[in-house]
Structure formats: structure tokens, C-alpha cells
Amino acid sequence: MSVKIDDNTVQITESDVRNRYIPLRHVIQMFPPDCLGGDNGSTDPGALVTIHLDGVKEPVVTDLYKTKKTPRKTGTVREFYERGNAKGGSHLFIEKLAPREFRITVIS
């Protein structure tokens with residue numbers, strides 16, 4: 001399970017890396033409440049946010065799972081973790097760039 005380091009930083013687990021999860025549960029207050037969608041995005045989507053993953057060319061435009069508090073679209077997470085040399089115990093720093101735009105960086 002991920003660990004909150006401070007209001008903008010979470011520590012990830014090896015399972016997060018392996019399963020391409022970006023755990024946002026501990027920093028969910030940074031995100032607009034309407035971006036949380038149900039488990040089935042096709043019938044209960046949340047409003048979209050843009051997430052820039054440091055080192056990945058294209059941003060991710062997605063909603064977040066309400067129950068998991070993770071981005072629904074995970075296609076570029078593997079590349080993000082590989083480029084950032086992320087592993088269990090690494091920290092992710094989450095920045096709010098605009099009301100619906102964020103950047104996530106692997107910082108250790």
C-alpha cells in the first residue's frame with residue numbers, strides 16, 4: 001500500500017510499479033471531485049483531467065476511479081516508471097498546474 005509522505009508526495013510500492021498504478025488516494029484532495037468516476041468508465045465516467053507524466057511525451061487525459069483513486073488510463077505508466085527508474089519505495093511528487101491539469105514526477 002502506498003504511503004503519504006506529505007501533501008504532494010506519495011511513496012509507491014513494488015506492486016504499484018508492477019501493476020502500473022499511480023496511487024493518488026493520499027493526495028486526492030488536489031483533484032476536482034467531479035473527476036472521480038465509477039468502476040465502469042463507459043457508463044459512469046468522471047470529468048477529465050490532464051496528467052503530465054514526467055519523461056513521457058504525451059499527457060494522459062483521463063478520469064480517476066472513485067474507489068481506487070488511480071487514473072483510469074494507464075497505457076503510459078510503464079514508460080513513466082521505467083524512465084523515472086521507479087521501484088518500490090520511490091516517491092512520486094504531484095503538482096497542480098491548473099484546476100484540471102497536473103504533473104507527476106518520480107523524485108527518488
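**Ground rules.** I am working on a predicted model, where local features need pLDDT of at least 70, side-chain atom pairs count only at pLDDT 80 or more, and totals for chains, interfaces and linings use all residues. I number residues from 1 along each chain as its sequence is written, and side-chain values use heavy atoms, with hydrogens and water left out.

**Fold.** I found two helices and eight strands in the chain. These are DSSP runs numbered from the N terminus (helices H or I, at least four residues; strands E, at least two). Read from the N terminus, the order is β-β-α-β-β-β-β-α-β-β.

**Overall shape.** I checked the radius of gyration, taken over C-alpha atoms, against the globule rule of 2.2 Å times the number of residues to the power 0.38. The chain has 13 Å, which agrees with the value near 13 Å for a compact globule of 108 residues. The C-alpha trace spans about 35 × 25 × 25 Å along its principal axes.

**Contacts.** I take contact as heavy atoms within 4.5 Å. Of the contacts in the chain with a separation of 6 or more, 54% join residues 24 or more positions apart.

**G46.** I looked for G46 and found this glycine in the loop between β3 (36–37) and β4 (49–53). G46 counts as buried because its relative accessibility is 12%. Beyond its neighbours within four places in sequence, G46 contacts D34, C35, L36, G37 and D63. From G46 to D34 I read 5.8 Å, C-alpha to C-alpha, across 12 residues of sequence.

**Cavity.** I searched a 1 Å grid over the protein atoms alone: a cavity is a set of points where a 1.4 Å probe fits but cannot get out, a pocket is an open set with protein on both sides within 12 Å along at least five of seven lines, and lining residues have an atom within 4 Å of a point. One cavity of 30 Å³ or more turned up. I22, I51, L53, V60, P71, K73 and V77 line the largest cavity.

**Pocket.** The largest pocket holds about 210 Å³. I listed its lining as M1, S2, T13, S15, D16, Y21, P23, R25, K68 and T70.

Terms used. Points joined across faces, edges and corners; volume = space filled by probe spheres on them. Buried < 20%, exposed > 50% of the residue type's maximum accessible area, 1.4 Å probe, protein only.
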